[in-house]
Amino acid sequence: MFLNNISINLEYYNKFPIILKNALISGTVKFSKSLKKEYNDLPAYRAVKYNNTKKEIDKSDFLSYMELPKNPLIIIDENNISSYSCSLFLNLDELHKITKFPTKNKAIAKGMVKKEFGPIDINNNTSHIDLFLYEDVDPSNEFEVIEVCKKNG
Amino acid sequence: MQKEWINIKETGQLYLEKILVSLNIPILFVCHNSKDKKYLCLNINDETGETIIALTNNSFLIDMLQKKITMEEVFRNSLDNDIIIAFYDYENEEIISKKENAKILSEDKLPQKGEYFDFYSIEIDEYLSCLKNTFKDIDTFIQNNKMIIKQNNNLFNVTIKDIIKISYKKMIISDTLKKCFYETTDKKMIA
């Protein structure tokens with residue numbers, strides 16, 4: 001079901017973390033017409049933080065870049081809705097394209113994306129998923145590390 | 001309006017020119033400074049923002065996007081033989097940058113050896129066309145058995161390394177490097 005076909009209102013925006021909620025209300029960003037609210041469970045892959053001191057997946061692994069501390073070296077487009085999402089891939093090969101680059105302190109985790117987590121927007125060309133987590137959702141129990149990135153550094 | 005990125009001592013203010021690979025944030029991207037020097041940049045740590053920055057030119061970028069050279073080679077063949085490494089010191093709220101020799105930089109900081117650019121889109125194609133058009137600003141012709149390369153107006157970002165790849169008929173400039181000279185009065189190179 002496409003989200004633009006249902007009533008989108010403030011009550012719906014209130015389900016999201018405050019930074020996304022405010023950006024939606026102010027019109028800084030808007031959801032894509034291809035956003036899906038209802039969908040079946042999807043197996044997907046995500047790069048998570050992994051090093052000598054952190055080997056367990058936790059909620060912090062699913063934060064969007066907009067929710068992380070500001071860093072002038074990291075270019076974040078606050079007008080791009082993807083900056084407020086959690087990135088995953090349906091196809092592991094597509095994620096491996098990215099891990100050809102140095103990915104310090106990263107491992108790949110596999111898990112199930114569920115509609116209870118939040119709406120998703122899938123790029124069919126790359127199998128990339130923008131997952132917009134609802135406030136207080138923690139998907140970490142659904143994911144497990146399957147490989148440490150080769151260029152973990 | 002150009003999007004400003006960082007301002008470091010090695011480059012001055014950098015402006016974002018093109019994002020080549022991104023995963024919600026740019027990973028591999030091209031910047032230029034106010035002197036139109038181009039830099040290929042690679043974010044290698046999305047927590048510290050650690051980024052490696054290599055001086056390059058259109059010719060290398062075109063070759064990389066056309067899979068003639070690997071991504072790693074562009075960094076290793078930095079035009080000034082250096083790679084700038086920059087990261088953010090959260091405690092002191094400042095960007096720290098330093099230079100390292102591009103040839104001996106740890107492979108942990110570079111794209112996987114032997115890997116070609118493999119991220120295509122309409123936007124990348126358009127950028128590639130834009131890079132190629134730079135060479136239209138150069139007139140190349142034969143006169144009295146000599147090859148003349150003359151720059152037109154608004155010629156930016158073309159360095160000797162760009163120019164030596166230009167060919168006219170069967171003659172390639174790089175083959176004539178020891179026999180060419182530059183006429184400053186008429187701004188032309190004769191090979």
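1. Which residues lie nearest the centre of the second largest pocket? They are A:R46, A:Y65, A:L68, A:K106 and B:D46, among 40 lining residues. A pocket here is an open set of points on a 1 Å grid over the protein atoms alone, where a 1.4 Å probe fits, with protein on both sides within 12 Å along at least five of seven lines; lining residues have an atom within 4 Å of a point.

2. A word on the basis. This is a predicted model, in which local features need pLDDT of at least 70 and side-chain atom pairs count only at pLDDT 80 or more, while totals for chains, interfaces and linings use all residues. Residues are numbered from 1 along each chain as its sequence is written, chains are lettered from A and ligands numbered from 1 in the order in which they are written, and side-chain values use heavy atoms, without hydrogens and water.

3. The second largest pocket holds about 720 Å³ of space; a volume is the space filled by probe spheres set on the points, which are joined across faces, edges and corners. Strand 1, strand 2 (86–89) and helix 3 of chain A each give two or more residues to its lining, as does strand 3 of chain B. Helices (H or I, at least four residues) and strands (E, at least two) are DSSP runs, numbered from the N terminus. By class, this lining has 21 nonpolar, ten polar and nine charged residues. Ala, Val, Leu, Ile, Met, Phe, Trp, Tyr, Cys and Pro count as nonpolar, Asp, Glu, Lys and Arg as charged, and the others, Gly among them, as polar.

4. The largest pocket has about 1,200 Å³ of space. Of its 33 lining residues, A:N123, A:T126, B:V21, B:S22 and B:L23 are the closest to the centre. Strand 2 of chain B gives the most, with seven residues. The lining divides into 14 nonpolar, ten polar and nine charged residues.

5. A:R46 also has a place in a strand pairing. It stands opposite A:A109 in strand 3 of chain A. Strand 1 (residues 42–49) and strand 3 of chain A run antiparallel, joined by eight bridges. Strands pair if DSSP finds at least two bridges between them. On strand 6 (residues 143–148) of chain A, A:V145 stands opposite A:A109. That antiparallel pairing of strand 3 and strand 6 has five bridges.

6. Strand 3 (residues 106–113) of chain A is mostly covered, with six of its eight residues buried. Buried means under 20% relative accessible area, exposed over 50% and partly exposed in between (1.4 Å probe, protein chains only).

7. The largest nonpolar core has 39 residues, and B:L20, B:L28, B:M64 and B:F117 touch the most other members. Helix 1 (residues 58–65) of chain B supplies the largest share, five residues. Another core, of 32 residues, lies apart and includes A:Y13, A:F62, A:A107 and A:A109. Such a core is a set of buried Ala, Val, Leu, Ile, Met, Phe, Trp, Tyr and Cys residues joined through side-chain atoms within 4.5 Å.

8. B:L65 lies in helix 1 of chain B. It counts as buried because its relative accessibility is 2%. Beyond four places away in sequence, B:L65 touches residues including B:L20, B:F117 and B:L131. Contact means heavy atoms within 4.5 Å. On the same exclusion, the contacts of B:M64 include B:L20, B:L28 and B:F117.
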